[in-house]
Amino acid sequence: MVPTRWYRRLKRPAHVVPRYYATPSALGGVAWVYWTAVVMVSVFGTMAADVLHVGLGIPYTVSTPPFLTALAAVFALWYAAERTLSIHGIRTRRRETFYWAAVLATFALGTAAGDLTATVCYLGSVVLFAAAICVPALAHRFATLNAVAAFWTAYVITRPLGASLADWTALGHTRGGLGLGLGPVTLAWTVAIVCFVGYLATSRRDTPSGEAN
C-alpha cells in the first residue's frame, strides 16, 4: 500500500460521509499520479544532496549527518503531532505533508549515504545496503520490530541501495562498474518502474480488500 491523499469524491449514497483514500490504486489512474510525484520528489532530493557535494564541494561525510538529523526531525514531529507514523492512516493534509517531507529527506539522505560508501567500492556499497535492507525484514519476521518501524527502515535503505546498484551497473570499469552506460541503465529502470506501476494500478495488489471498492 502506498499512501497519499488525492481528494476525489466517489459515487456513494447521499447519507454516506465522504472519505479520502490514502491508496492511489484504490482510485485507479491516480496510482500513476502518485508514482510520478515520487519520481519527481526523488529527483529533487537527489539534486539537493548532489548540489552540496558537486556544486559547493561539501564532502558527503559532512552532508550526510545533517540529512539524517532532518529525517529524524520529520519523524519526531510527525509522531508528536499524530502519534503514529503508519502509512495506512494518511488521510489528512497534515499527515500527507509529513509523509512527503519524510520522502524528500529520505532521498537526500540516501543519496549522500550511498555516494559516501560508493566512493570506496560500488559493488561493496551494493552488498552493504542489500544486507542492511534484510535486517528490518528479518527483525520484523523473527523478532519484535513492529511493521511501521520495519517499513520506514527499509524505505530509507532503498535509496542508497538503488543508487549504488545503478552506479555499479552504469559506470565504467575504471571506476569499478560494469560499464553498461547511464543511458541504457536509466532506460531499463524507467521501463521497470512503468511496468511495476502498471501492474499495481491494474491488479491493486497493494490495496487492502476493504479499500478496493
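Me: Which residues lie nearest the centre of the largest pocket?
Reply: In this predicted model, Ser42, Phe107, Arg159, Gly162 and Ile193 lie nearest the centre. The lining of that pocket comes to 49 residues.

Me: OK, and how much space lies in there?
Reply: About 1800 Å³.

Me: Which helices supply at least two residues each of the lining?
Reply: H1 (30-55), H3 (93-118), H4 (122-142), H5 (147-170) and H6 (182-203) each do.

Me: How does the lining split by class?
Reply: You get 32 nonpolar residues, 11 polar and six charged.

Me: Let's switch to H5. How far does H5 reach from its first C-alpha to its last?
Reply: H5 spans 34 Å with its 24 residues, and that is close to the 34 Å expected at 1.5 Å a residue.

Me: Where's the kink in H5?
Reply: At Thr158, shortly before the proline Pro160, and the angle is about 25°.

Me: What does the side chain of Asn146 reach at the start of H5?
Reply: One of its oxygens comes to within 3.1 Å of the backbone nitrogen of Val148.

Me: New topic: how many aromatic pairs are there?
Reply: The count is 11 aromatic pairs. One of them is Tyr34 with Trp100, a tilted pair with 5.7 Å centre to centre and 45° between the planes.

Me: Which parts does the Tyr34 and Trp100 pair tie together?
Reply: Tyr34 sits in helix H1 and Trp100 in helix H3, so the pair links parts that are 66 residues apart in sequence. Those two helices also each supply at least two residues of the pocket lining.

How values were computed. Residues numbered from 1 in each chain as written. Predicted model: local features only at pLDDT ≥ 70, side-chain atom pairs only at ≥ 80, totals over all residues. Heavy atoms only, no water. 1 Å grid on protein atoms, 1.4 Å probe; cavity = no way out; pocket = protein on both sides within 12 Å on 5 of 7 lines; lining within 4 Å. Points joined across faces, edges and corners; volume = space filled by probe spheres on them. Helix = DSSP H or I, 4+ residues; strand = E, 2+ residues; numbered from the N terminus. Nonpolar A, V, L, I, M, F, W, Y, C, P; charged D, E, K, R; others polar. Expected span 1.5 Å × (residues − 1). Bend = angle between axes of the 7 residues up to and from the residue. Polar contact = N/O pair within 3.5 Å; in protein donor to acceptor, adjacent residues only side chain to side chain. Phe/Tyr/Trp six-rings, centres within 6.5 Å; stacked < 30°, edge-to-face > 60°.
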